[in-house]
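Take a look at the fold below.

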Amino acid sequence: MRFLRSDFPRVARLACLGLFAASSLVMAQEIAPLSAADKAEAREIFKQLIEINTTDTPKGSVTAGNEAMEKRFLDAGFPREDVKLLGPDKNKLNLIIRYRAPGTSDAKPVLFLCHMDVVEALRSDWHTDPFEFVEKDGYYYGRGTQDMKDSDAGLVATFLRLHREGYKPKRDLILALTADEEGGKFNGPIWLLKEHRDLVDAAYVINPDSGGVELDHGRAVVADVEATEKVYADYQVTATNPGGHSSRPRPDNAIYELTTAINKLAAYSFPFELNDVTRTYFQNLEKQESGQTSADIRAILASPPDMEAAKRLSAEPSFNSNFRTTCVATRLAAGHANNALAQSAQANVNCRIFPGHSPEEIRQQLVQLFGDSKLTVKYVSDAGTVVADVAPERKAIVPVAPMPEVMEPLTRITQAIWPGVPVTPVMENGASDSIYFAQAGYATYGYSAIALERDDDRAHGQDERLPVDSYWKSLQFLYAFAKAVGDR
């Protein structure tokens, strides 16, 4: 997704946000249609990827998915030296494809960054097999249809189509399909930047793991481009107890103490906040909304903001996540026998921290909120391998001015597909691999060109699905956009 280097002054950042806001003035262009053959190939690639389990589990293998894509590129005639399958673990091999410009180019490449791994999904939780590609009622179902095998497949299909058509870019285009964005010990971007930076070194990075088009009952409301993101943090909350026989309950109980703390968290909202990015997002969104929603957005943008309006808007999860740090319990474990008092009860609390706050600051706030000295609140590293008493002090990276060579074609092509939709910066409420490239000094943009209803975000959830039409439109965007940046 999203981070840009933070060494620009605030005035430049604000000026850059104006570029997004004014982007609706850019003239649209004609978009090349997809042929029946293009669609058939893109659908088959999507199906193949969904049906390869790439979870971080004994049954999953990122390598299997990337080997399947490697074969497609080699069979299409890509040179062996431009198709690299490599990584620190046999099940976590990353695939790097370089689409070369003819001759020698002075322009640095453009990197498209995509993760190949997906979150685990249980067959018992779904109405379909999560690792079977199912088309039903205008949707594609399967784990990864939203996050993010749709864009993986779309970019593989785009690179293959460009090659088939003999397209000759003025600069190299790179596609990286990487491991362990969703978790695990072998994060691909971290390893590639450390061990093989030459393979991914670029003028800038496009990460389709964030951004996209928001739909309201089929109407395109706004196109989001990630300009900053929250900080991801997990905390291990633990209650301990001597335990004993269940026939002799004691006044202190590890399970009750833990659930009391979790109930406090459920009832708590972190303070309302706006920053440059989220303010610009809501300023643009207000023009597209109507009725109470539009009035409430104007009210929260006032000085001081109207907290009753913020409360009403917060009922929509996507708005709420833009207003504040969020923390939620995601896992529970307690006890060791049905007839024994629990000696330990533990919860994982997952937080997405608003820019400007650190994981340690939020850990301290959780300690204060729970108000129980018998509980411990410890920080869990991203890979889950380290549990520490103190959390990092790192904070989100501040966005800087977007590059016209990126934003002009992105806006123009978006508005050709979704006429009149404003293109606006957003704060990514999740987390992605963009952070590693941003920290390494690369301008990074999060944009997928995937259109989804606001209330149908099923990434990581049950019955994950993607509208069929959204997939075709994203392919039209990716093809036009890849050519636009490749021609510069």
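A residue counts as buried under 20% relative accessible area, as exposed over 50%, and as partly exposed in between, with a 1.4 Å probe and protein chains only. By that cut-off, buried residues make up 55% of the 488 residues. This is a predicted model: local features need pLDDT of at least 70, side-chain atom pairs count only at pLDDT 80 or more, and totals for chains, interfaces and linings use all residues. Residues are numbered from 1 along each chain as its sequence is written, and side-chain values use heavy atoms, with hydrogens and water left out.

The protein has 15 helices and 20 strands (DSSP runs, H or I of at least four residues for helices, E of at least two for strands, numbered from the N terminus). Its radius of gyration is 23 Å, close to the 23 Å of the globule rule for 488 residues, so it is as compact as a globular protein of that length. That radius is taken over C-alpha atoms, and the rule is 2.2 Å times the number of residues to the power 0.38. The C-alpha trace spans about 80 × 55 × 45 Å along its principal axes.

Now the second largest pocket. Its volume is about 270 Å³. Of its 14 lining residues, Asp216, Thr293, Glu316, Phe319 and Arg454 are the closest to its centre. A pocket here is an open set of points on a 1 Å grid over the protein atoms alone, where a 1.4 Å probe fits, with protein on both sides within 12 Å along at least five of seven lines; lining residues have an atom within 4 Å of a point. Points are joined across faces, edges and corners, and the volume is the space filled by probe spheres set on them. β8 (212-216), α9 (291-301) and α10 (307-313) each supply at least two lining residues.
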